[in-house]
Amino acid sequence: PERGVHTFCHALPGMWHQMAVMLSAASCLRWVAQLTGAADEAAVIAEAEALGPAARARAPVFLPYLSGERTPHNDAFAQGVWFGLRHDTGRAELGYSVLEGVAFGLADGHAAVREAGGQARSVALTGGGSKSRFWARLIASVLDVPLALPEGSEVGAALGAARLGRLAADLGADPGPDPGAMIASVCTAPPVIAIAEPVAAWQPDLQARQARFRALYPPLSPLFRSP
């Protein structure tokens, strides 16, 4: 509990789910696009992807706590931070730091779930950010696991809600002799259209920057609570 890991009854009978919660992920990308006057989020990603390794290594480090953070800090007072701004920092570097900071935040959540005993047999990327293959490879490289990109992954949460709504309507009207069969027929895994693999060449720089990312929150935490 102190790491903000959730374990809840699932909506499906007899099942549980365990999760880390990140309060700002793709919304951070929307924020930096608006802040810097970019045409849209895709334009920010394109500029970030065009950066070379040296420019990425010099980009600021971003703490993506624009709405506080749940896992692993469980801190409603946490705030977003850019560390390492320079005169030569441009929109591309800011955009890259946001993509990377979200990846580091996801890695913190992943680590917290594993510490709580959760083990993932496979990992899929869903939500609006999954539309970017560059961001998917960046997240895979930070997690050091391949990420499956299912068909319709950008609307995965909405699809799950629709399936549960269908089950509620169908089972509520007539659950039949074998409700499990209906659940199995509706809750099928979508086909995987691509796999985002970790990029080994990126990982040494990412590991160094991740260490800096993780070092920033502890000394800043008391300051977030100051008026």
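A: Pro-72 sits in the loop between strand S3 (61-63) and S4. Strands here are DSSP runs of E with at least two residues, helices are runs of H or I with at least four, and both are numbered from the N terminus. The peptide bond that leads from Thr-71 into Pro-72 is cis, with omega near 10°. Before going on, keep in mind that this is a predicted model: local features need a pLDDT of at least 70 and side-chain atom pairs count only at pLDDT 80 or more, while totals for chains, interfaces and linings use all residues. Residues are numbered from 1 along each chain as its sequence is written, and side-chain values use heavy atoms, with hydrogens and water left out.

With a relative accessible area of 42%, Asn-74 is partly exposed. That label has cut-offs: buried is under 20% relative accessible area, exposed is over 50%, and partly exposed is what lies in between (1.4 Å probe, protein chains only).

Asp-144, in the loop between H5 and S5, has a positive phi of about 60° and isn't a glycine either. Asp-144 counts as exposed because its relative accessibility is 51%.

S5 runs antiparallel to strand S6 (residues 192-196), and four bridges join the two. Pairing takes at least two bridges found by DSSP between two strands. If you want a spot to look at, find Pro-150, which stands opposite Val-192 of S6.

Gly-129 counts as buried because its relative accessible area is 19%. Leaving out residues up to four places away in sequence, Gly-129 touches Ala-26 and Trp-135; contact means heavy atoms within 4.5 Å.

Next, the charged pairs. The structure has nine salt bridges, each one a side-chain nitrogen of Lys or Arg within 4 Å of a carboxyl oxygen of Asp or Glu. One of them joins Arg-58 and Asp-88, at 3.0 Å from N to O. Arg-58 belongs to helix H3 (residues 53-58) and Asp-88 to the loop between strand S4 (81-83) and helix H4 (91-115), so this bridge ties together parts 30 residues apart in sequence. Arg-58 itself is partly exposed, at 42% relative accessibility.

Another salt bridge brings together Arg-137 and Glu-49, at 3.5 Å from N to O. Here the partners come from distant parts of the chain, 88 residues apart: Arg-137 in helix H5 (residues 133-143) and Glu-49 in helix H2 (residues 41-50). Arg-137 is partly exposed at 27%, and Glu-49 is partly exposed at 36%.

Arg-166 and Asp-170 form a salt bridge as well, at 3.5 Å from N to O. This pair sits within helix H6 (residues 156-173), four residues apart, which is about one turn of the helix.

Last stop: how helices pack. Two packed helices are described by the angle and the distance between their axes. For H2 and H4, the angle is about 100° and the axes are 8 Å apart. The axes are lines fitted to C-alpha atoms, for helices over the stretch in contact, with angles from 0 to 180 degrees between N-to-C directions. H2 and H4 are therefore roughly perpendicular, on a scale where under 35 degrees is roughly parallel, over 145 roughly antiparallel, 65 to 115 roughly perpendicular and the rest oblique. H2 brings Val-44, Ile-45, Glu-47 and Ala-48 to the contact, while H4 brings Arg-91, Ala-92, Gly-95, Tyr-96 and Leu-99. Sorted by type, these contact residues come out as six nonpolar, one polar and two charged. For that sorting, Ala, Val, Leu, Ile, Met, Phe, Trp, Tyr, Cys and Pro are nonpolar, Asp, Glu, Lys and Arg are charged, and the others, including Gly, are polar.
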